[in-house]
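This report concerns a predicted model with two chains in contact. Please consult the sequence and the structure below before reading on.

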Amino acid sequence: MVFLTNVANIMAKYWQVFLLQGIGYTLLLSVIAVAGGAFFGSLLALAKRSGLKVLKAAVAVFVEVIRGTPVLLQLYIGVFVFPMIIPKLSSLPYIYSVSIVLILNSSAYVSEIIRSGIEAVDPGQMEAARSLGLTQHTAMLSIVLPQAIKNILPALGNEFITVVKETSLASTFFVGELMTAYLKVKGNTYLTMECLAIVGVLYFALTFILSKLLKSMERRMKARA
Amino acid sequence: MKSYLCMLLCLAMLLALAACGSNPEKNLSAAYDKYLSQFSSSGSNGTLTVAMSPDFAPMEFYDVAKSGDAAIVGFDVLLANYLAQELDMKLVIKPMSFDACQAAVQTGNADIGISGFSWTYERGQNYAISDFYVAGDNETEQSIICLKENEGKFTKAEDFIGSKIGYQGASLQQVLVEETFGDMDVDISLVYVDLGTAVEALKAKQVDFLAVAHGNGESIIANANGEIAFTGFDFVVDDMYKNNVCLINKDNTALLEKVNAALGKAMANDLYSGWYDACKVYAGVSTLDELGFDDNGNKITE
């Protein structure tokens, strides 16, 4: 009972920190990461399918390194090393460096999602299109990609949900998302479990709503096909 | 699926309801704001970037009623503003986790780390350490807290034989606990990443006692609904541990000299105790009345 009273008191005093700032920044960072990741991820996937050996190798190394190291480590490097390379960053708030890292991280995963999505389309489709006289380019655009997108979109949705949770690591640099809200309030009240419970419920609500939305989108896509 | 959404909506409404019940509070920040407003700097010597971990009331914490950079408040913020004034630099505070603060200073991402650091031998090896500054009794008194039922029952080190004492890892308290209880039959194997987790462990009776800086102990007790109290035991603290220091990059000796000069001046003019009292009020540990302020935050002098 004390626990619930504490939760209510915390919410009464700090609701803005959790509901406005916390959720706001979590969604903002996730959208930035996934939108940026989708854009650069597509470029990476293109590069990987191109004929240039050097480009292919570079992309492969990038993707392997990003997927093979923890996000927290990447954030530290982004925040402390990027400003040495791009001096402009050092005068900006950490959220800029953090966003760049999240975009880079997400783009590596998205490029793999896109690659596997394209590869999952039966090679017979391409062969059939080519033998009907379509060029490689048109066959890709109007035969393979539309089918690939059906594989890609759900996986992209999952990536979005993963990113929502990954943004919590950005709290190391107090950028303002939900986990930062937890740190701020916990620092004031020394009530750890209560704050964690609030943040936990909010994270779950976010990801649950998102996954339900994605499910209904998927269903609609299936209905149309 | 509809019902799930309904449940979520209900939850959201509950949270929103809780939000409506906020109660008006006395102006806790009056004394603090008064001190803060006294500082000014033309910023003609560039910017002073300070790394700080604002989850450590009353040394540095967030005031959610304020926005932007002004939301980070506490003793170390006053100190940072004071240093910026003395060095005639523009102050930029970069909030980050405690261990990131050290990385920031090392990589030159921040000029100086001010986050309730204590002097330790290892820190002295890797950073330029400023002279001491004194945050009231936050560090000079190091105490042990316990559940309310044990309040005041443990006053000598021997009283703790057979019990478990926890502390925050890599902290001054770790050093003190090891020095004091290392040779005794006391379980000191419980190390916590942060104080909040340690307090939960204490409440859940996973650990019998926690070693804390006195000021943090007061904050913890003030927020524990009477569940937690001081044991009555205070550590014997060696002078070198008693105060806080700033971390500066090893190569930046010019800044170190200027900071030390400013710290010396603050010490000579006895600025620290007023700041610390104001922050204790701000963090809700003490009242304006108790510490000799009037309602507008002016220090009452006899």
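Residues are numbered from 1 along each chain as its sequence is written, with chains lettered from A and ligands numbered from 1 in the order of writing.

Helices (H or I, at least four residues) and strands (E, at least two) are DSSP runs, numbered from the N terminus. Helix 1 of chain A (residues 2-49) spans only 59 Å between its end C-alpha atoms, whereas a straight helix of 48 residues would span 70 Å at 1.5 Å a residue, the expected span being 1.5 Å times one less than the number of residues. At Tyr14(A) this helix bends by about 80 degrees, the bend being the angle between axes fitted to the seven residues ending there and the seven starting there.

Residues are in contact if their C-beta atoms, placed from the backbone, lie within 7 Å. Chain A and chain B each give 33 residues to their contact. Helix 1 of chain A gives the most to the side of chain A that touches chain B, with 10 residues.

In chain B, the assignment, automatic or from a database, gives two domains. Their centres, taken over C-alpha atoms, are 27 Å apart.

Methods
Predicted model: local features only at pLDDT ≥ 70, side-chain atom pairs only at ≥ 80, totals over all residues. Contact = placed C-beta atoms within 7 Å.
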